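Let's take a walk through this protein together, with the sequence on one side and the 3D view on the other. Keep the viewer open and turn the model as you read.

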Amino acid sequence: MRTQVVIIGSGPSGLLLGQLLTLAGIDNLVLDRASKDHILGRVRAGVLEEGTVRLMDEAQSGARMHAEGLPHDGFSLAFDGRDHRIDLHGLTGGKRVLIYGQTELTRDLMDHREQSGASSIYEAGNVKPNDFDGHRPYVTYEKDGVTHRIDCDFIAGCDGFHGVSRKSVPERAIRAFEKVYPFGWLGILADVPPVDHELVYANHPRGFALCSMRSLTRSRYYIQCPLDEKLADWDDERFWDELRRRLPAHHAERVVTGPSFEKSIAPLRSFVAEPMRFNRLFLVGDAAHIVPPTGAKGLNLAASDVHYLFEGLHEHYQDRSNAGLDAYSGRALGRVWKAVRFSWWMTTMLHRFPETSDFDQKIQEAELDYLTHSRAAAMALAENYVGLPF
Ligand code: APR
Ligand code: PHB
């Protein structure tokens, strides 16, 4: 079998790229080792930058996102028992973010792919990119005990941090940059109204807390926890108590509790692999980089990678020019590193680190004070939060 682009991974990166290619008449195949249900069972962040919204529209998959997504014009930084609102809309000349869960966005893209008739193979075993350094790359996979081979022009590695694409690159050709943080996030989903109509990021002596939402009736809450924390030690009651303790009183009083239907602990990590192109293999999204969730940049970075790669592939097939493909890694990494910096900075400013000295603590307090009293500082935060242009 032959196609123009094999896309490994059916997360947001792979599906968004696939949809744009299909609409441009470029033949592609999506391969994933997991089942559709498994992919749609994953809970992830839900803050979309305007660029991501634009790309979903370009992919003609934005209708439900516009109907059900919640536009947010600002969020709160809570510390010292008080709220300090960051007016995203006012500070950025009219920009905002859209709250819409990644799971829903993935479902929309999957549905549209199915309607367009483009092929996807789920539960594909032992997926392997081959010969991407030469002119005739191909991908092999196993299904129902049979090995299949797909010949192609290009391979898009959209297979997340634990995928096979990055690991297929010879070690000498790739460089990794990594920072692991000494804590995780314990998160829950519950069908209760959110504590506030906007997100609340709280810095408290007991640790960071975040009040987020999926809708006006579904809340997503997180608290910072030690890396060795056991999920079994956290029944709902303990979670709600701890969350309330970390919020200013006026929010704590308004927390509506209820049974959680998802609870998990996620470690925090910053990771970048360079470059993002290896001749005919391109790394996209989490396959190339990971950010801590503090600024909700993961999905949005996947979207900008897809935008740059799609432009390059489109130019290749339409204008017979490789300029866009040659520029892919540099353009993507330029934006990636700025989001890595921003997520690291938000994480550092809002969490309590285990070995913080008195000096470090004072610096953190000065940072928050500066941010909430200087329009210039707040503008820099807002500009990054709504997303740098692409
Ligand atoms: N073979 C085939 N498919 C694979 C393999 C493999 N060896 N390894 C992983 N996959 C699939 C996974 O099953 C998953 O469906 O690749 C997909 C990768 O999807 P994501 O992890 O969602 O990555 P991406 O599409 O880049 O999305 C980025 O997801 O993790 C968040 O914060 C991140 O929001 C960001 C977004
Ligand atoms: C979420 O809703 O899951 C979420 C929101 C904002 C973040 C991180 C996660 O910064």
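This is a predicted model: local features need pLDDT of at least 70, side-chain atom pairs count only at pLDDT 80 or more; totals for chains, interfaces and linings use all residues.

Residues are numbered from 1 along each chain as its sequence is written, chains are lettered from A and ligands numbered from 1 in the order in which they are written, and side-chain values use heavy atoms, with hydrogens and water left out.

Let's begin with the whole protein. Its C-alpha trace spans about 60 × 40 × 40 Å along the principal axes. A compact globule of 390 residues would have a radius of gyration near 21 Å, and the protein has 21 Å, so the two agree. That radius is taken over C-alpha atoms, and the globule rule is 2.2 Å times the number of residues to the power 0.38. Of the 390 residues, 54% count as buried; buried means under 20% relative accessible area, exposed over 50%, and partly exposed in between, with a 1.4 Å probe and protein chains only. The secondary structure comes to twelve helices and 20 strands, where helices (H or I, at least four residues) and strands (E, at least two) are DSSP runs numbered from the N terminus.

Now find the sheet. Strands of a sheet pair through backbone hydrogen bonds, either parallel or antiparallel. Here two strands are said to pair if DSSP finds at least two bridges between them. Eight strands form an open sheet with mixed pairing, in the order β6-β5-β14-β15-β16-β13-β17-β20. Its edge strands are β6 (82-86) and β20 (289-290), each of which pairs on one side only.

Are its two faces covered or open? Strand β5 (residues 75-79) pairs with β14 in the parallel sense over four bridges, and S76 stands opposite V200. With strand β15 (residues 209-213), β14 runs antiparallel, joined by three bridges; Y201 has L210 in β15 as its bridge partner. The hairpin of β14 and β15 has six residues between the strands, and G207 takes a positive phi near 125° there.

Further along the sheet, strand β13 (residues 175-190) and strand β16 (residues 219-225) run antiparallel and are joined by seven bridges. L189 has R220 in β16 as its bridge partner. Is R220 buried or exposed? R220 counts as buried because its relative accessibility is 4%. A polar contact of 2.9 Å joins the side chains of R220 and Y222. Such a contact is a pair of N or O atoms within 3.5 Å; within protein, one must be able to donate a hydrogen and the other to accept it, and residues adjacent in sequence count only if both atoms are side-chain atoms.

The sheet leads us to ligand 2. β14, β15 and β16 each supply at least two residues of its shell. In all, 15 residues surround ligand 2, the closest being Y201, S212, R214, Y222 and P293; a residue is near a molecule if one of its heavy atoms lies within 4 Å of it. This shell divides into nine nonpolar, four polar and two charged residues. In this scheme Ala, Val, Leu, Ile, Met, Phe, Trp, Tyr, Cys and Pro count as nonpolar, Asp, Glu, Lys and Arg as charged, and the others, Gly among them, as polar. An oxygen atom of ligand 2 is 2.8 Å from an N or O atom in the side chain of R214, and an oxygen atom of the ligand is 3.0 Å from a polar backbone atom of T294. Taken alone, ligand 2 exposes 280 Å², of which the protein buries 99%; accessible areas come from the Shrake-Rupley method with a 1.4 Å probe, and for residues only the protein chains shown count as cover.

Our last stop is ligand 1. It is surrounded by 24 residues, and S13, D32, R44, Q102 and D286 are the closest. α9 (298-319) and α1 (12-23) each supply at least two residues of this shell, and α9 gives the most, with three. By class, the shell has nine nonpolar, nine polar and six charged residues. An oxygen atom of ligand 1 is 2.7 Å from an N or O atom in the side chain of S13, and a nitrogen atom of ligand 1 is 3.2 Å from a polar backbone atom of R33. Taken alone, ligand 1 exposes 710 Å², and the protein buries 89% of that.
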